[in-house]
Amino acid sequence: MTVEAFDTVDVIAAKRDGQALSKEQIDWVIDAYTRGVVAEEQMAALAMAIFINDMEPVEIANWTQAMIASGERMDFSSLTRPTSDKHSTGGVGDKITLPLAPLVAVFDVAVPQLSGRGLGHTGGTLDKLESIPGWQAGLSNAAIVDQLEDIGAVICAAGTGLASADKKLYALRDTTSTVDCIPLIASSIMSKKIAEGTSGLVLDVKVGSGAFMKDLRKARTLAQTMVDLGQAAGVNTSALLTDMSTPLGLTVGNALEVRESVEVLAGGGPADVVDLTVALAEEMLRLAGKTDVDVRAALSDGRAMDVWKRMIRAQNGDPEAPLPVAEHTEVVTATESGVLTKLDALSVGVASWRLGAGRARKEDPVQDVAGIELHAKPGDSVTAGQPLMTLHTATPERFSRAIASLDDAVEIGGDAASVPESIVFEKIT
Ligand code: URA
């Protein structure tokens, strides 16, 4: 019988009483949780104690390292080009990974985007790409490395082996109201990214109603915590704080977002999506040592589109095939004339989710066709009766609940809207 180094209740009590946990305690508790020795209810109590009493920087670093040690590490050292990755803390209409990965690859920097599926109101990159006929999310580690060497970009499902403890802990946090906690979010995200083995990493930390972090101060703390963890682990890391008070672009939902991403890759698309894609690409390239590059030109001259098509084909997708379209649509119109002063990201995200674009439980299917097209954004003038949004779904019985969640989403006023000058608020290095 294994003699355990600590008693779980002592570790929980220490955190409950506001003490810092030692490296030995942290290494043990993560390992014992992964082995099933620390029970779910005990980890739930510890997560809540961390939520309430916070963690010191050294504890967060040790917690992250223990999570990394709970799973496998990937190795991109055989590649002939540097790697640079991006991680978004999640938002509404956030399709940026789709144009970004092929765009960065144009400049001979490899982009390993090991992605996830959506849960709740934020969409998942894999769900979006799966609306492309034939496209496969699952790749072996060897196939990921081959595709990175050959094409320079891969967007695929993160294997179950990276930071194994996080899988259990994230599911537990989801059911115990302990997700929204800076030390736990930072260690969860960074353990996976450090284990992935990228040499550069740009964090897109979202701020606003559609994001985890509703205010700039908390977003800044989260960003700095993650940047420090990355740097300490030898990953060249920086963060952009970006606006998520309103959806990104003019589409929310899986196939709709792919369509808009392809517009960006064809040199068009909404300005906010293009601006954020370019800002993140420039930052990823800077971290890989490439500063003298014209990123916008690679969107307008078709080079990024060429990489996109090769990347989709490499995973059995047909980039030329028509995307699925919803059979049922319903239009929401402006109730008065004036300037659109608010189009709330969270409400639109929830509405899209209710139309079938997202899932409530991990095992639920999603609809490719469901989502929302926006016809106006904050700052635009609208007239009463003008279409503001078109809702799409395969199951029209969902319209009423989706429309209910849009009740407070829209504000139309007489004055100019306070629209941020730039989608990027700050950079943290
Ligand atoms: N994304 C993660 O991977 N983990 C968190 O805790 C929050 C967002």
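Colleague: Which residues touch the most other members in the largest nonpolar core?
Modeller: Trp 308, Met 389 and Leu 391 do, in a core of 70 residues. A nonpolar core here is a set of buried Ala, Val, Leu, Ile, Met, Phe, Trp, Tyr and Cys residues joined through side-chain atoms within 4.5 Å, and buried means under 20% relative accessible area with a 1.4 Å probe, protein chains only. Please bear in mind that this is a predicted model, where local features need pLDDT of at least 70 and side-chain atom pairs count only at pLDDT 80 or more, while totals for chains, interfaces and linings use all residues. Residues are numbered from 1 along each chain as its sequence is written, and side-chain values use heavy atoms, with hydrogens and water left out.

Colleague: And which helix gives the largest share of this core?
Modeller: Helix H12 (residues 271-287) does, with 9 residues; helices are DSSP runs of H or I, at least four residues, numbered from the N terminus.

Colleague: Switching topic, is Ser 347 buried or exposed?
Modeller: Ser 347, which lies in helix H15 (residues 345-357), counts as buried because its relative accessibility is 13%. Leaving aside residues up to four places away in sequence, Ser 347 touches Ser 405, Leu 406 and Ala 409, where contact means heavy atoms within 4.5 Å.

Colleague: What does Leu 391 touch?
Modeller: With residues up to four places away in sequence again not counted, the partners of Leu 391 include Val 332, Leu 355, Phe 399 and Leu 406.

Definitions and conventions. Buried means under 20% relative accessible area, exposed over 50%, partly exposed in between (1.4 Å probe, protein chains only). Helices (H or I, at least four residues) and strands (E, at least two) are DSSP runs, numbered from the N terminus.
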